[in-house]
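Hello,

Here is the structure I promised to pass on. My notes follow below it.

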Amino acid sequence: MAMADSEMEEEEEEEEVVNGHGYTVDEGLSSVGFGKFQIRMLCYAGLGYFADASELMLLSFIGPALQSQWLLSSSQQTLLSTVVFAGMLVGASFWGLVSDQFGRRVSFLGISILITLSSFLSSFSPNYTVLLILRTLVGAGLGGAPVFSCWFLEFVPVSDRGKWMVVFSTFWTFGTIFEAALAWIVMPRLNWRWLLALSSLPSFGLVLFYPLIPESPRYLCAKHRLADAQHIMENIASLNQAKLPPGTLITDLQQHIVHGNEEAEVEDGIESKVDYANSNTTPLLKNNQPPQPPSSLSLLFSQKYIRTTILLWVLYFGNSFSYYGIILLTSELSAGQIKCHHSVSISSSESESGSGGDGSSSSLYVDVFITSLAEVPGIVLSAIIVDRIGRKVSMIIMFFMASVFLLPMAFNFNFNSANLLTTGLLFGARMCTLGTFTVACIYAPELYPTPMRATGSGVASAMGRIGGIVCPMVAVGLVAGCHQTAAVVLFLLVLLISALSVMLFPYETKGQSLQDTLSASASSSSSTIP
């Protein structure tokens, strides 16, 4: 009896596909809207971003403290930042591949456990070598941040995507502000070990709430698991107190075939003429087996995506280099490490009176906290313009504004941590670079279809981590070596190249549907992404 019912359901599903009485994930999400379900997903994905930002901001605070306690050289202090970004470089690519192959939830479990354990154990590091190893593992976990953004993006209706992805990005800002405030409270009273331990709390939340999160319905559709995807869509509708469109869930490829014609062109290896009567989930090969697509990594270098992939790498590299460079530049100036002919030297007595027992300047936490607040107007600016003028124009405008803020610092004026003008310029530059970062993190996953979305975003993020690795060794090294003009000119050049890469992108994704299958992406790209 159960088998008969199952067969009847399959026959009804087939008939609905043939008659076009079905809906895609995009149509279903547009119908149920943004509601309680998406708010819950926003909180979990946002917690992942929050933890990522908190752990990265540690680099601004523990370096000076460790240098004082363990008598580290400047190169050893720099290496603490470098190993985290090196871990992120590996982790970004790895977790993207895992996410596209095995699912978003599998990635979340691995990411959250790795960050939680390695971050907490870092606080018990007996020596410099152990700390380096554990922070490298933390970086490998933090590299999975793009998976959180891709997962949340896949639940958001197309009409609200830009706005809510900007809201999602605010969790990064809150994470940086939280860490700066936490360091301001903890470091003068306790020590760096307490800061590391307390900073691991957000990642504990990822493990705690993991059982409550669902798999992405877009991922399930891409893997031809339509029944599971349908169940999740029904849960979304129920929690949002809305109704799904009539019919059953179908892939965007099926919709394209139904609304096109039987001779619609599909991927190589798939029959050009699709037999609707024998296809209830996906086009079939001649041996009646679902097609096996190429690996998501190899697709990044296919003729269709190679240009987008390379430009995205340039964009992420430039964004990370400039964003983290401004953060580290703030720390360098605030810590009183610049003693050049155009700066005011700090006497040993002043240094001792202005530093806490952790070896860091008392003004460091205040200045980093203030410049962290710059991310709030950066987020607001992104939210205002991203859905009005589009992703590309938004990034170009903010890259230009960041250059305007940095340009005065290229001249040999008295720029130091006590200079109000310096703080204001760094505030504005960080606001704009955070804005471009926010829009880039929205734009990147929109450029790729679901089967390669996390991989494409993850590898691009990995290229950004290279920018984070190079920045402390090059740009901040120039500043510490009394070559501030050269460092700022380098930042300006990187911002210019980043803006040019945005101009060369072939697509604007504002208001466009996400593609869930490679075949649909190939066959309908001209109509979906202009």
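Helix α13 is followed by Gln241, whose phi is positive, near 55°. This is a predicted model, in which local features need pLDDT of at least 70 and side-chain atom pairs count only at pLDDT 80 or more, while totals for chains, interfaces and linings use all residues. Residues are numbered from 1 along each chain as its sequence is written, and side-chain values use heavy atoms, with hydrogens and water left out. Helices (H or I, at least four residues) and strands (E, at least two) are DSSP runs, numbered from the N terminus.

Back to Gln241. The residue is not a glycine, yet its phi is positive. Its place is the loop between α13 and β2 (248–249). At 71% relative accessibility, Gln241 counts as exposed. The cut-offs are these: buried is under 20% relative accessible area, exposed is over 50%, and partly exposed is in between, with a 1.4 Å probe and protein chains only.

His224 also has a positive phi, of about 65°, and is not a glycine. It sits in the loop between α12 (217–222) and α13. His224 is partly exposed, at a relative accessible area of 27%.

Now the helix itself. The expected span is 1.5 Å times one less than the number of residues. Buried in α13 are Leu226, Ala229, Gln230, Ile232, Met233, Ile236 and Ala237. Seen down the axis, these buried residues fall within an arc of 165°, so they line one face of the helix. The arc is that of the directions from the helix axis to the C-beta atoms. An α-helix has 3.6 residues a turn, so residues three or four places apart point the same way. The face of α13 turned away from the buried side carries the exposed residues Ala227 and Ser238.

**Helix α23**

α23 runs over residues 484–504. Its 21 residues should span 30 Å at 1.5 Å a residue, and its end C-alpha atoms are 31 Å apart, which agrees. Its buried residues include Phe491, Leu492, Val494 and Leu495. Gln484, Ser498 and Ser501 are among the buried residues too.

**Packing around α21**

Which helices pack with α21 (residues 420–446)? One of them is α20 (residues 391–406), whose axis comes within 8 Å of that of α21 and crosses it at roughly 160°. That makes α20 roughly antiparallel to α21. Angles under 35 degrees count as roughly parallel, over 145 as roughly antiparallel, 65 to 115 as roughly perpendicular, and the rest as oblique. Axes are lines fitted to C-alpha atoms, for helices over the stretch in contact, and angles run from 0 to 180 degrees between N-to-C directions.

The crossing of α20 and α21 is left-handed. A crossing is left-handed if the near helix is turned anticlockwise from the far one by less than a right angle, and right-handed if clockwise. By class, the contact of α20 with α21 has 15 nonpolar, five polar and three charged residues. Ala, Val, Leu, Ile, Met, Phe, Trp, Tyr, Cys and Pro count as nonpolar, Asp, Glu, Lys and Arg as charged, and the others, Gly among them, as polar.

Phe405 lies in α20. It counts as partly exposed, at 26% relative accessibility. The C-alpha atoms of Phe405 and Leu425 are separated by 5.2 Å, and the two residues are 20 apart along the chain.

Helix α9 (residues 161–189) also packs with α21, at an angle of about 130° and with the axes 10 Å apart. α9 and α21 are therefore oblique to each other. α9 passes α21 in a right-handed crossing.

Gly464 lies in helix α22 (residues 450–480). At 1% relative accessibility, it counts as buried. Gly464 and Phe317 are 147 residues apart in sequence, but 4.0 Å apart in space, C-alpha to C-alpha.

Thr308 lies in helix α16 (residues 306–334). It is buried, with a relative accessible area of 2%. Thr308 and Tyr448 are 140 residues apart in sequence and 9.1 Å apart in space, C-alpha to C-alpha.

Ala45 is in helix α3 (residues 36–57). It is buried, at 0% relative accessibility. Between Ala45 and Cys150 there are 9.3 Å in space, C-alpha to C-alpha, and the two are 105 residues apart in sequence.

Best wishes
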